[in-house]
Amino acid sequence: VPVVPSVLRDFSAPVKLKLSLADDDLAFLMAHDGDEFNRWNAAQQLGVNVLLHMIEAYKKGHPEKLPPGYLTAFSNVLSASGADKALMARVLTLPDEDYLAELMPYIDVDSIHMVRESACREIAEKFQPSFQKLYAENQQASYLFNSAAIGKRCLKNMCLNYLVRLNTDTIRKMAVTQYYKANNMSDQITALRALVHIECDEKTEILHHFYEKWRADSLVIDKWFMVQATASLPSTLNQVEKLLHHEAFDITVPNRARALIGAFSQSNPVCFHESTGRGYRLLTDAVMKLNTINPQIAARLVSPLIQWRRYDASRQRLMKAQLGHIAAMPDLSRDVYEIVNRGLQT
């Protein structure tokens, strides 16, 4: 009988272990491993293998679907009875775009985004009935703060994150209902994000309602800015430019600058790296303003530009040009100078 090793169980050693397991073995561990960490780790490794292969195929002009082995493992996890719900939500979440980018020698932001989004839509289409069933089963009439309740919220919101990609009337209504009936911030912000991250008419009303409800709470309004800054829609860059002039935006407030400018440049690769370089210019303008106001924040925000070597030739040229504009400032602070000068060195 073939044996599939499950090593370093219970997260038993602070080491990095390179273990070459076939995708079929990883799928088996993803579906059946009794160790929670190893089950998640197998799911992540398998997801990385599958998505990186699909990205390479997409770049060559031959887009592929998710392989049957991954979908079978996904289905096994989705239908598992008695599973830890928080773990289940994590196991069923694909590796994010930033993590995939870290594993590539040269980052193709467009291919990464297109392939991951395509995979998420394929999963949503294939497992829509199961997601809707789990979503309904994990509703809670009252707010509780314990591991079981947290697990139910995690699983329910994972289902909504997949389903919303189908962008049907029924699913948008689910998100709107969750938003208005939410008795906790996790549910409300998930519903808000779900609607903001798709093209739909409902998001304008929801964004306005959220702002008016929470406008006196600066930390929550930071979330409001962040949700909009990280939406991977073609209109996001225009929206971020508008939000720079919003009554609640103040570039001199570090948390607010990070919530809008930092979130956009560091957590929204497909929009920040828009091919014309508008995202780079937006960041450069912000860094130049902050240079004298708060040079420490300016130095932290400029960091995405110094990664220019990892992108294609066109983006390299555009990013390096913006670093040159910053370096040419006559009153450049030492904090920003050190970061930019290091970034310009070849």
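Predicted model: local features only at pLDDT ≥ 70, side-chain atom pairs only at ≥ 80, totals over all residues.
Colleague: Let's start inside. What volume does the largest cavity have?

Modeller: A search of the whole structure turns up one cavity of 30 Å³ or more. For that largest cavity, the volume is about 30 Å³.

Colleague: And which helix gives the largest share of the lining of that cavity?

Modeller: The lining is made up of Arg39, Val77, Ala80, Ala83, Asp84, Leu87, Met88 and Val91. By class, that's six nonpolar residues, two charged and no polar ones. The largest share, three residues, comes from the helix spanning residues 85–91, which is α4.

Colleague: Now the second largest pocket. Which element gives the largest share of its lining?

Modeller: That pocket holds about 760 Å³ of space. Two elements give two or more residues each to its lining, namely α1 (23–32) and α2 (36–59). The largest share is nine residues, and the helix they come from is α2.

Colleague: How do the residues lining that second largest pocket divide by class?

Modeller: There are 29 lining residues, and Leu17, Lys18, Leu19, Asn41 and Gln45 are the ones nearest the pocket's centre. Sorted by class, the lining of the second largest pocket comes to 18 nonpolar, eight polar and three charged.

Colleague: On to helix packing. Are α8 and α10 roughly parallel or roughly antiparallel to each other?

Modeller: The axes of α8 (residues 147–163) and α10 (residues 185–196) come within 10 Å and cross at roughly 10°. Angles under 35 degrees count as roughly parallel. So α8 and α10 are roughly parallel.

Colleague: Which residues of α10 make that contact?

Modeller: On the α8 side, the contact uses Arg153, Lys156, Asn157, Leu160 and Asn161. By class, the contact between α8 and α10 has three nonpolar, four polar and three charged residues. From α10, the residues are Ser186, Asp187, Thr190, Ala191 and Ala194.

Conventions: Residues numbered from 1 in each chain as written. Heavy atoms only, no water. 1 Å grid on protein atoms, 1.4 Å probe; cavity = no way out; pocket = protein on both sides within 12 Å on 5 of 7 lines; lining within 4 Å. Points joined across faces, edges and corners; volume = space filled by probe spheres on them. Helix = DSSP H or I, 4+ residues; strand = E, 2+ residues; numbered from the N terminus. Nonpolar A, V, L, I, M, F, W, Y, C, P; charged D, E, K, R; others polar. Axes fitted to C-alpha atoms, helices over the stretch in contact; angles between N-to-C directions. Parallel < 35°, antiparallel > 145°, perpendicular 65-115°, else oblique. Contact = heavy atoms within 4.5 Å.
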